[in-house]
Amino acid sequence: MSDNDFLFMRRAIEISLENVKKGRGPFGAVITRKGKILAESCNLVTELNDPTAHAEINVIRVAAQRLKTFDLSGCVIYSSCEPCPMCLGAIYWARIDKVFFANTTADAKSIGFADSRIYEEISRPLQERHIEFRQLLREEALGAFKAWEESENRVEY
Ligand SMILES: [Zn+2]
């Protein structure tokens, strides 16, 4: 842990507090690259009526737009709270190198954000999940996968 790590996390925490003062969710995130802040964002779920507008998702979008790439290798994310499963997935898709977090999933649960409920769902078989999952038309859908494999202008990610 370097001095900068503390500095960047304090910035993420500061953003989370500013967000609360604006009547939004208590979450902030910062992405850095080469030791400098590349992007900052906050939770905008209620502001945008977008259930996916978590601080980490938003900051990944800003960083990727700024770098003009979907590959954030070499970047580090500082989140004021341990990422939920959606954001964890986004962090992996973005190929971010390292994650720092301050509040834990348990801390979030104690104020009513049940990320842990979703983590539990992931390990359950499909038929035991709270939201119904049904599979159908696989053979038809595979057509797009075959087309992708055969496509010469695909951009791999
Ligand atoms: Zn999240």
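## A first look around the model

S16 has its place in helix α1, where helices (H or I, at least four residues) and strands (E, at least two) are DSSP runs numbered from the N terminus. This is a predicted model, so to speak of local features takes a pLDDT of at least 70, and side-chain atom pairs count only at pLDDT 80 or more, while totals for chains, interfaces and linings use all residues. Residues are numbered from 1 along each chain as its sequence is written, and side-chain values use heavy atoms, with hydrogens and water left out.

Back to S16: its side chain reaches the backbone oxygen of I13 at 2.5 Å. Leaving aside neighbours within four places in sequence, S16 is in contact (heavy atoms within 4.5 Å) with G25, P26, F27, G28 and S80.

R24 turns up in the loop between α1 (3–21) and β1. Its side chain joins that of E47 through a polar contact of 3.1 Å; such a contact is a pair of N or O atoms within 3.5 Å, and within protein one must be able to donate a hydrogen and the other to accept it, with residues adjacent in sequence counting only if both atoms are side-chain atoms. Not counting residues up to four places away in sequence, R24 also touches N19, C42, N43, L44 and T46, among others.

Now for the zinc ion. H54 (ND1), C84 (SG) and C87 (SG) coordinate it at 2.0 to 2.3 Å, and in sequence these donor residues are spaced H-x29-C-x2-C. Donors are N, O and S atoms within 2.8 Å of the metal (3.2 Å for Na, K and Ca), and sites may look incomplete because water is not among the atoms.

Here are some buried residues, meaning under 20% relative accessible area, with exposed over 50% and partly exposed in between (1.4 Å probe, protein chains only).

| Residue | Relative accessible area |
|---|---|
| S16 | 10% |
| R24 | 19% |
| C84 | 6% |
| C87 | 0% |

Finally, the cores. A nonpolar core is a set of buried Ala, Val, Leu, Ile, Met, Phe, Trp, Tyr and Cys residues joined through side-chain atoms within 4.5 Å. The largest one has 22 residues, and I31, V59, I60, A63, L72, I77 and I96 have the most contacts inside it. Two or more residues each come from β1 (28–33), β2 (36–42), α3 (55–67), β3 (75–81) and α4 (85–93), and α3 gives the most, with six. L72 is in contact with I31, I60, A63, A64, L67, A94, R95 and I96, leaving aside its neighbours within four places in sequence. There's also a second, separate core of 11 residues, including A12, V30, C42 and L44.
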